[in-house]
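Subject: Structure handover

Hello,

Here is the structure you will be taking over.

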Amino acid sequence: MRRTPATRAPGGTALSAEPDVISAELAEEEPTQEVVDDIRARAKEQAGVTTETAFGEVGRPFDRRKPFFIGFAGALGAACAVALAWAVVVAGQVLVLLGLAFFIAVGFEPVVLWLYRRGVPRWAAVTIVVLGMLAVVGGFLALAVPLVTEQATKLSSEIPHYLQSIDHKNRAFGKLDAKFHIVRGVQKLLRGGGSFQSVVGLGKVLLGFITSFVLVTVVAIYLLIDMPRVRRSLYLLAPRSRRPRMVLLSDAILERVGGYVLGNLLLSLIAGVLTTCWALAFGIPYALLQGLLVALLDLIPIIGSTIGGIIVSLVALTVSLPVALATAGFYILYRFLEDYLLTPRIMRRTVEVPGLLTVIATVIGGALLGIIGALVAIPVAAAVKLLHDEITLPRLEES
């Protein structure tokens, strides 16, 4: 094996000739396997390969002050930012569903921890929670869907009769109907509801809903199973010197989100049950359908129960005006009790968000992401408020 003589640096220090040997051997036209093995052995020797550093010592960093490096890094960063923004826009709907799945998983985490701390293995605790929720949802749907479908069909067929009845009894509505033909338009809309295009559109909406529901459910279950690893990954995002505070703040945020989800579900259940009982007591039609509707709408903070109360009061007009007025008064009283009695007691130790911030967060969340944004707005606001109180305010006081 030939060797290139050593060269000397300007100060007279001898430089290693090994890199030149490797370069010369790489330049040979037909290297044999022995040559390649010798090159690899010399490379390991020169790189300082040991059992701890399999690929040798890290070389000197590039000179980042050179114009080419600065320009290339800036262009590459801009390209990455554009690509990331494009990916977020394209996958926006999927990202929203994944965020909702994470939100649901964090919401049921307190129940899993409650079972785990009482001696139940985590996999068994997750199985109990998931099976319990699936049993409740499946049983409710099995009992409610046939009745709700029947009542919704009957309601759609009787809406024109209700409008005609209001037309005969209410002069103001009669004048509006004579001018804008409201009853005729509703009848035409309902008669056209069985067209092929309407059926196809309804099928697409139903398929999209089922797909989204399955995706959110599966991802939420996986996140619930792997929540300790998810927590650990969140902890590792912080530098080692700041990791203790990161652990405490992350746990506090997740606890607030979980408390909010469970509290909101409880408030929704109360609203739905009370609505169903009220409708059955006063003979308001479609009691179960209205109870389910109010329970779903009550998940939306601030405006959900109000919209549900307006809908139920309008349906109560088909019974009598006094019943409709009494229903409106019932929802006003319930809203007062929910805002000043139930909500503070249920969420006092979980989501500590002022009323004004709740309204602002809900409006902004609804404008950005619709119903899902309104649902997650309050816990997000609680997290932002916690970070503001624990990080921003102390630094402002020190400056």
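First, the ground rules. This is a predicted model, in which local features need pLDDT of at least 70 and side-chain atom pairs count only at pLDDT 80 or more, while totals for chains, interfaces and linings use all residues. Residues are numbered from 1 along each chain as its sequence is written, and side-chain values use heavy atoms, with hydrogens and water left out.

Overall make-up

The chain has 14 helices and 0 strands. Helices (H or I, at least four residues) and strands (E, at least two) are DSSP runs, numbered from the N terminus. Of the 399 residues, 28% count as buried. Buried means under 20% relative accessible area, exposed means over 50%, and partly exposed lies in between (1.4 Å probe, protein chains only). Take the contacts in the chain with a separation of 6 or more: residues 24 or more positions apart account for 59% of them. Contact means heavy atoms within 4.5 Å.

Two packed helices are described by the angle between their axes and the distance between the axes. Axes are lines fitted to C-alpha atoms, for helices over the stretch in contact, and angles run from 0 to 180 degrees between N-to-C directions.

Helix α4 covers residues 92-116 and helix α9 covers residues 227-235. Their axes come within 11 Å and cross at roughly 115 degrees. That makes α4 roughly perpendicular to α9. The cut-offs are these: under 35 degrees is roughly parallel, over 145 roughly antiparallel, 65 to 115 roughly perpendicular, and the rest oblique. The crossing of α4 and α9 is left-handed. A crossing is left-handed if the near helix is turned anticlockwise from the far one by less than a right angle, and right-handed if clockwise.

On the α4 side, the contact uses Phe102, Ala105, Val106, Glu109 and Leu113. On the α9 side, Met227, Val230 and Arg231 meet them. The residues of this contact divide into 6 nonpolar, no polar and 2 charged. Here Ala, Val, Leu, Ile, Met, Phe, Trp, Tyr, Cys and Pro count as nonpolar, Asp, Glu, Lys and Arg as charged, and the others, Gly among them, as polar.

Helix α8 also comes into this picture. Leu223 is found in α8. Leu223 touches Ala101, Phe102, Ala105 and Val230, not counting residues up to four places away in sequence. Leu223 and Glu109 are 114 residues apart in sequence and 9.7 Å apart in space, C-alpha to C-alpha. Leu215 lies in α8 too, which spans residues 196-225. Leu215 is partly exposed, with a relative accessible area of 31%. Its C-alpha is 7.7 Å from that of Leu97, although 118 residues separate Leu215 and Leu97 in sequence.

Helix α9 against helix α10

Helix α10 covers residues 243-281. α9 and α10 pack at an angle of about 135 degrees, with their axes 9 Å apart. They are therefore oblique to each other. This crossing is right-handed. Arg231, Leu234 and Tyr235 in α9 meet Arg243, Met246, Val247, Ser250, Asp251 and Leu254 in α10. The contact divides into 5 nonpolar, 1 polar and 3 charged residues.

Helix α11 against helix α12

The axes of α11 and α12 (residues 304-316) come within 7 Å and cross at roughly 160 degrees. That makes α11 roughly antiparallel to α12. The crossing is right-handed. Gln290, Leu293, Val294 and Leu297 in α11 meet a set of α12 residues including Gly304, Ile307, Ile311 and Val315. The whole contact has 7 nonpolar, 4 polar and no charged residues.

Gln290 deserves a look. Helix α11, where Gln290 lies, spans residues 287-297. Gln290 is buried, at 5% relative accessible area. Gln290 touches Thr275, Ile284, Pro285, Ile311, Val312 and Val315, leaving out residues up to four places away in sequence.

Other single residues

Glu338 lies in helix α13 (residues 321-347). Glu338 is buried, with a relative accessible area of 8%. Glu338 and Ser305 are 33 residues apart in sequence and 9.6 Å apart in space, C-alpha to C-alpha.

Last, the cysteines. A disulfide is a pair of cysteine sulfur atoms within 2.5 Å. By this rule the count is 0. Cys80 is partly exposed at 45% relative accessibility. Cys277 is partly exposed at 46%.

Best wishes
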